[in-house]
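Here are a few notes to read alongside the model.

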Amino acid sequence: TDKSNTIFLYSNGTPPAVDFYANGLFTTTLPGGASNQAVGTSISTQIAALNWAKVRIAKPTYTYDQIYALIQKTATPTSNSKVKLGYIINSNGATNG
């Protein structure tokens, strides 16, 4: 998703192929200290994994299915002109849920 939590129009993930979306825009620091905008699936996949791990650490006794259900329950709705309804992982909501 972009800064406003809208699914990027070029996203190739459409329901039912995608369960959750994650931020796909992130500022990275390069060797030497320069910064660069990372955009797309290559960064959103890592952010989704990080969010899942954050919930897993906060809820260590939860099974896979329980974590999935918690993320699903606390996800933030999003959309674009191609995807009418998708869900962004809300790890803060899930860790506090």
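1. Let us start with valine 55, which touches Ile67, Leu70, Ile71, Ser91, Ala94 and Thr95, leaving out residues up to four places away in sequence; contact means heavy atoms within 4.5 Å. This is a predicted model, in which local features need pLDDT of at least 70 and side-chain atom pairs pLDDT 80 or more, while totals for chains, interfaces and linings use all residues. Residues are numbered from 1 along each chain as its sequence is written, and side-chain values use heavy atoms, without hydrogens and water.

2. Valine 55 sits in helix 1 (residues 41–58); helices (H or I, at least four residues) and strands (E, at least two) are DSSP runs numbered from the N terminus. Valine 55 counts as buried because its relative accessibility is 0%, buried being under 20% relative accessible area with a 1.4 Å probe, protein chains only.

3. Which residues make up the largest nonpolar core? The eight are Phe20, Val55, Ile67, Leu70, Ile71, Ala75, Ile89 and Ala94. Helix 2 (residues 64–74) gives the largest share of this core, three residues. A nonpolar core is a set of buried Ala, Val, Leu, Ile, Met, Phe, Trp, Tyr and Cys residues joined through side-chain atoms within 4.5 Å.

4. Leucine 70 is also worth a look: beyond its neighbours within four places in sequence, leucine 70 is in contact with Val55, Lys59, Tyr62, Ala94 and Gly97.

5. Finally, try the distance from valine 55 to glutamine 37: the two are 18 residues apart in sequence and 26 Å apart in space, C-alpha to C-alpha.

Terms used: Buried < 20%, exposed > 50% of the residue type's maximum accessible area, 1.4 Å probe, protein only.
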